[in-house]
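Welcome! Here is a short tour of a structure, with a look at its charged pairs and a patch on its surface.

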Amino acid sequence: SDERLKDILEPLTNALTKIQTLDTFFYKPNSTALDFGMKDEVQIGISAQQVQNILPQVVKSAPIDSKYLTVQYERLVPLLIESVKELTKRVEKLEDGIKNRKCNCSKR
């Protein structure tokens, strides 16, 4: 994704909070899905409706029928990257707190 082709509007914020609203689950396609030709096997996924609530740009009409939704999983990657960065900042802050605490204790 060449940034020379983009007018960047704003950074993605609160990514971790957004990720935490999504439920992940194992599922088997129901009879309607089987009628559309989905394989009858256990799969893992997330709810397109839940994703649509936090990032509508990542959800589109399903190719099988426009009344159903599908998640463009590859478009969730920026949200996941930002979540990792947020978690990393939290871990670093905790590690600094532990390090400072040890330094203060040894000076006593």
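Within helix H4, which spans residues 77-106, lysine 85 and glutamate 82 are three residues apart, so about one helical turn separates them. Their side chains meet in a salt bridge, with 3.2 Å from N to O. Please keep in mind that this is a predicted model.

**Salt bridges**

- Another salt bridge joins the side chains of lysine 28 and aspartate 40, at 3.4 Å from N to O.
- Lysine 28 sits in the loop between strand E1 (24-27) and H2, while aspartate 40 sits in the loop between H2 and E2, so this pair ties together parts that are 12 residues apart in sequence.
- Aspartate 40 is exposed, and its relative accessible area is 52%.
- Arginine 4 and aspartate 2 also meet through their side chains in a salt bridge, at 2.5 Å from N to O.
- Of these two, arginine 4 is exposed with a relative accessible area of 74%, whereas aspartate 2 counts as partly exposed at 30% relative accessibility.

**A nonpolar surface patch**

- Phe26, Val42 and Ile44 form a nonpolar patch on the surface, and together they have about 380 Å² of accessible area.
- Valine 42 is found in the loop between helix H2 (31-35) and strand E2 (43-46).
- With a relative accessible area of 57%, valine 42 is exposed.

Technical notes: Residues numbered from 1 in each chain as written. Predicted model: local features only at pLDDT ≥ 70, side-chain atom pairs only at ≥ 80, totals over all residues. Heavy atoms only, no water. Patch = residues over 30% accessible without salt bridge, like charges linked within 9 Å, V, L, I, M, F, W, Y side chains within 5 Å. Areas by Shrake-Rupley, 256 points an atom, 1.4 Å probe, with all protein chains shown as cover. Salt bridge = Lys/Arg side-chain N within 4 Å of Asp/Glu carboxyl O. Helix = DSSP H or I, 4+ residues; strand = E, 2+ residues; numbered from the N terminus. Buried < 20%, exposed > 50% of the residue type's maximum accessible area, 1.4 Å probe, protein only.
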